[in-house]
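Biologist: I am new to this structure and would like to learn how to read its features. Could we take them one at a time?

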Amino acid sequence: MATISIQHGTLNVPDNPTLPFIRGDGTGPDIWAAAERVFDAAVKKAYGGKRKVEWLEVFAGETAFKKFNDWLPEETVKAFQNYLVGIKGPLTTPVGKGIRSLNVALRQMLDLYVCLRPVRWFKGVPSPVRHPEKVDMVIFRENTEDIYAGIEFAGGTPESQKILDFLAENFPTEFKKIRFGTREATEQWLTQLRELGAPQRPAVVDVGIGIKPVSYLGTIRLIHAAILYAIANKRKSVTIVHKGNIMKFTEGAFRDWSYKIAKERYGAVEMDGGPWCKIPEGKPGAGLVIKDAIADITFQQVLTRPEDFDVIATLNLNGDYLSDALAAQVGGIGIAPGGNINYISGHAIFEATHGTAPKYANQDKVNPGSVILSGEMMFRYLGWTEAADLIIKGMDGAINARTVTYDLARQMDAAKEVRCSQFGDEVIRHM
C-alpha cells in the first residue's frame, strides 16, 4: 500500500495512493457506489492508467457499531492518521444524548482545523435566488474551537453547579448575568408562574453551561490558510465574519487577531483609516483586500450582494450556519462538498455535507453530488487537477442535460429523473 507523505508543507503523492474511505450510514452506500465509479473513471481518463487509487474501506457510525460495537473504531482513526488523506459519506449521530458528533470527533482527533466549503452554482440547478451565478465563495470555517469544542455541563448536575459556584465566588459581576443561577431567582420566577396557574415544581437550579474557547493560535492558523488560498487562487478578498460586537473577547478577538496577521505577515496596509486593509503592490497577493463583517449582516448581504464576498474566514458555529445557508442558494446541501484539513500535518478528510436520510436507504434514489464534489476537492488537494477538472466537467454536463436525481428533477422543467447510480453514469458520460 502506497502512502502519501508531507515534507515542508508539500504533499508527496504516489501514483497509486491508498485512500481510506467510509461509505457512511443510511444512503451512504448508495452515494458511495456512484461516487467511487466517478472517481475511478476520472483518474483513468485523466492519466490513462498511469495513476490509480487503492481504496481502503474503514468503518464508523451505525455500521461500525453493528459490526464492532464501537461507533468510531481505533483502526479507523489510525487509517486516516497513517494515510493522511481520505473521504467519507454521512454518519449517524444520536441527537441530544449519547455520543457526540463523529464528524466533530474525527476533526478534533486529527486536528483538522480548517473546514473548507466551496460554494458555487452549476448552470441549470434550481435556486431560490434570482442570480445564483453570482455566488462563488470559499468558506474557511475554524473547526476545533468555539462552541463545537464540546465543553458542556448539563443543568442540575454537580459539574454545572461547580461552575456556577466558581463564578459566584470569583466573578460575581459576571455571575449576576446568569438569569436563573441561584435558588432565590429560580423560586421567585416559579412563584410568578404558579400565580398564573403553572404546574408546581421544586425550585432547583437547572442551568446548562457551555464554554466557548477562541485562541490566538487557532485564529492565526485559520487566517493564514484563508489568505494563502486567496493569494494562490487569485481571489479578490478575504472577509472575516464574526459577532465581535457582542462577544468582544472571543469573536472580537478573532477579528482583531486576523487583522494583526494580515498586517504583520502579509504587509497589508489600512484603507481609508482602517480597519479594512489591502496587500500593497510589490508583495505576494498584491491587491487582496482583507475586511470584516458582522455575522448577522453577512447573512443578509450574501443574499443581496453575493458578488461582494469571495473567501470567508469565520469561527465554527458561524461557519456551520453560513455554509449551509449559502448551499441553499446554489441548489442545497445535496450537492454541497466539504473538506476538513490540517495544512501543516497534511491530514485531510473530505466528506458529504448532508445527513444520512435513512428513509431513502438502499433505494438508489438520492443525489450523490455532495460526495462526488468532495472527491473533486480531494483530487485537487492531492494535485491531481486533471481528474478534478473532469469531475467538474461531468457534473456540469449531466446537470445541463437535465438528467438528474429526484431532488433536482422535481424543480426543473423538462428534466429526466434518474437514479443515484444512473446519475453517476451520466457524470462519467459527460467527462
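Biologist: What is the handedness of the crossing where α8 passes α9?
Modeller: This is a predicted model, and in it α8 passes α9 in a right-handed crossing. Helix α8 covers residues 216-232 and helix α9 covers residues 251-266. Their axes come within 9 Å and cross at roughly 55 degrees.

Biologist: Which residues of α8 and α9 meet?
Modeller: From α8 the contact takes Y216, T219, I220, L222, I223, H224, I227, L228 and I231. They meet F254, W257, S258, K260, I261, A262, R265 and Y266 in α9. By class, the contact of α8 with α9 has 12 nonpolar, three polar and two charged residues.

Biologist: Where does T250 lie, and is T250 buried or exposed?
Modeller: T250 is in the loop between β10 (237-242) and α9. A residue counts as buried under 20% relative accessible area. T250 has 17% relative accessibility, so T250 counts as buried. Leaving aside residues up to four places away in sequence, T250 touches K212 and V214.

Biologist: Let us turn to another pair of helices. At what angle do α12 and α13 pack?
Modeller: Helix α12 (residues 369-382) and helix α13 (residues 385-400) pack at about 155 degrees, and their axes are 7 Å apart. Angles over 145 degrees count as roughly antiparallel. α12 and α13 are therefore roughly antiparallel to each other. Their crossing is left-handed. In α12, the residues G369, I372, L373, E376, F379 and R380 meet T385, A387, A388, D389, I391, I392 and M395 in α13. The contact of α12 with α13 divides into eight nonpolar, two polar and three charged residues.

Biologist: How many strands form the sheet, and in what order?
Modeller: An open sheet is formed by 12 strands, in the order β4-β3-β5-β16-β15-β6-β7-β14-β10-β13-β12-β11. The pairing is mixed. At the edges are β4 (54-57) and β11 (269-270), each of which pairs on one side only.

Biologist: In what sense do β6 and β7 pair, parallel or antiparallel?
Modeller: Strand β6 (residues 114-120) and strand β7 (residues 136-142) pair in the antiparallel sense, over seven bridges. V114 stands opposite E142 in β7.

Biologist: Where is E133, and is E133 buried or partly exposed?
Modeller: E133 is in the loop between β6 and β7. At 44% relative accessibility, E133 counts as partly exposed.

Biologist: Which strands do α3 and α12 lie across?
Modeller: Helix α3 (residues 74-83) lies across β3 (18-22), β4, β5 (85-88) and β16 (348-352), and runs at about 150 degrees to β3. α12 lies across β3, β4, β5, β6, β15 (337-341) and β16, and runs at about 160 degrees to β16.

Biologist: Where is T27 found, and which residues does T27 touch?
Modeller: T27 is in the loop between β3 and α1 (28-47). T27 has 1% relative accessibility and therefore counts as buried. Not counting residues up to four places away in sequence, T27 touches G355, T356, A357, Y360, A361 and V366.

Definitions and conventions: Residues are numbered from 1 along each chain as its sequence is written. This is a predicted model: local features need pLDDT of at least 70, side-chain atom pairs count only at pLDDT 80 or more; totals for chains, interfaces and linings use all residues. Side-chain values use heavy atoms; hydrogens and water are left out. Axes are lines fitted to C-alpha atoms, for helices over the stretch in contact, and angles run from 0 to 180 degrees between N-to-C directions. Helices (H or I, at least four residues) and strands (E, at least two) are DSSP runs, numbered from the N terminus. Angles under 35 degrees count as roughly parallel, over 145 as roughly antiparallel, 65 to 115 as roughly perpendicular and the rest as oblique. A crossing is left-handed if the near helix is turned anticlockwise from the far one by less than a right angle, and right-handed if clockwise. Contact means heavy atoms within 4.5 Å. Ala, Val, Leu, Ile, Met, Phe, Trp, Tyr, Cys and Pro count as nonpolar, Asp, Glu, Lys and Arg as charged, and the others, Gly among them, as polar. Buried means under 20% relative accessible area, exposed over 50%, partly exposed in between (1.4 Å probe, protein chains only). Two strands pair if DSSP finds at least two bridges between them.
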